[in-house]
Amino acid sequence: GHGCAISTASASLMTEAVKGLTIQEAEELFREFQQMVTSDSLSDSELPELGSLNALAGVREHPVRIKCATLPWHTLHAALENRGTKVSTE
């Protein structure tokens, strides 16, 4: 696909992270990733340990870029739910 560097990096890291996971495990990872990049109340020590995905934790400091990091994840979430609708980060 095409996208900005953050979106492309997030999609690449996501595909590596979900390989071999069950649907339930992938959904849990989706929730943990969402929390990591959107929660401004968590300190760095409280962030979930998500391996290489933690490289994207810094986007929470740049609210305009959170959508870039989460779009691939919303797409995965929609696919896991077998939705045939357009994906949005809204």
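Two residues are in contact when they have heavy atoms within 4.5 Å of each other.

**View 1. The surroundings of Phe-33 in the predicted model.** Leaving aside residues up to four places away in sequence, Phe-33 touches Ser-10, Leu-50, Leu-53, Leu-56, Ala-69, Thr-70 and Trp-73. The structure is a predicted model, in which local features need pLDDT of at least 70 and side-chain atom pairs count only at pLDDT 80 or more, while totals for chains, interfaces and linings use all residues. Residues are numbered from 1 along each chain as its sequence is written, and side-chain values use heavy atoms, with hydrogens and water left out.

**View 2. The largest nonpolar core.** A nonpolar core is a set of buried Ala, Val, Leu, Ile, Met, Phe, Trp, Tyr and Cys residues joined through side-chain atoms within 4.5 Å, where buried means under 20% relative accessible area, exposed over 50%, and partly exposed in between (1.4 Å probe, protein chains only). The largest such core has 19 residues, and those with the most contacts inside it are Phe-33, Met-36 and Trp-73. Two or more residues come from each of α1 (5-18), α2 (23-38) and α3 (63-80), helices being DSSP runs of H or I with at least four residues, numbered from the N terminus. The largest share of this core, 6 residues, belongs to α2.

View 3. The buried residues of α1 are Ser-7, Ser-10, Met-14 and Val-18. They lie on the same side of α1 because they cover an arc of only 65 degrees around the axis, an arc taken from the directions from the helix axis to the C-beta atoms. These buried residues pack against α2 and α3, whereas Ala-5 and Glu-16, on the other side of α1, are exposed.
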